[in-house]
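User: I am new to this structure. Can you walk me through how to read its features?

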Amino acid sequence: MTERVDLDSVDLRILRILQNNARITNRDLAEEAGVAPSTCLDRVNRLRASGVIEGYRLKVSPEALGRPIQAFLTLRTQHSRDVLAPLAEHILAQPETRALYNIAGASDFLVLVACPDVATLQRLIVDELTSRPEIHNVETMLVFQEWEGGPLLPPDASAETG
């Protein structure tokens, strides 16, 4: 687990800008953040090296890829550390899986899936999940619409960094 990193207002501005547009050029990023390009590059490299920036991802439209049916699945499982890794590996190996979370509460896992149709969703649930002995219950919640939150910043980040 990455240790908490002290960030100043420039770091926070850089993080906010990059989370809204990770493809921005260093020159444009530096201009928006109010620093020299070399300073900006040094700061981004430091944020990467310290683990604050974990990587860059491409957001893809599930609908455009022929997977318009999205759902969250909650799984209740056998409570044993022995089953966690193999089960997570199995779930992540399914082409429909977009994200997997080990959670606390009434369920043990939350899985986001994207399927081409309801029959595929049913096959995934029946053949790949409920057929496994360590899974005791699956609940399905269909996604009708999605909204994204804003950039992730530390809880004590002031509003003036925007």
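Analyst: We take the strands, then the surface. This is a predicted model: local features need pLDDT of at least 70, side-chain atom pairs count only at pLDDT 80 or more, and totals for chains, interfaces and linings use all residues. Residues are numbered from 1 along each chain as its sequence is written, and side-chain values use heavy atoms, leaving out hydrogens and water.

User: Which strands does strand 1 join, and how do they run?

Analyst: Strands (E, at least two residues) and helices (H or I, at least four) are DSSP runs, numbered from the N terminus. Two strands pair if DSSP finds at least two bridges between them. Here, 7 bridges link strand 1 and strand 3 (residues 109-115), running antiparallel. Strand 1 also has 7 bridges to strand 4 (residues 135-142), again antiparallel.

User: Which residue is the bridge partner of Ile-69 in strand 3?

Analyst: Cys-115 is its partner. Towards strand 4, Thr-77 stands opposite Ile-135.

User: Where does Leu-65 lie, and is Leu-65 buried or exposed?

Analyst: Buried means under 20% relative accessible area, exposed over 50%, partly exposed in between (1.4 Å probe, protein chains only). Leu-65 sits in the loop between helix 3 (37-49) and strand 1 (69-77). Leu-65 counts as exposed because its relative accessibility is 59%.

User: What about Arg-57?

Analyst: Arg-57 is in the loop between helix 3 and strand 1. With a relative accessible area of 69%, Arg-57 is exposed. Its C-alpha atom is 8.2 Å from that of Ala-22, 35 residues apart along the chain.
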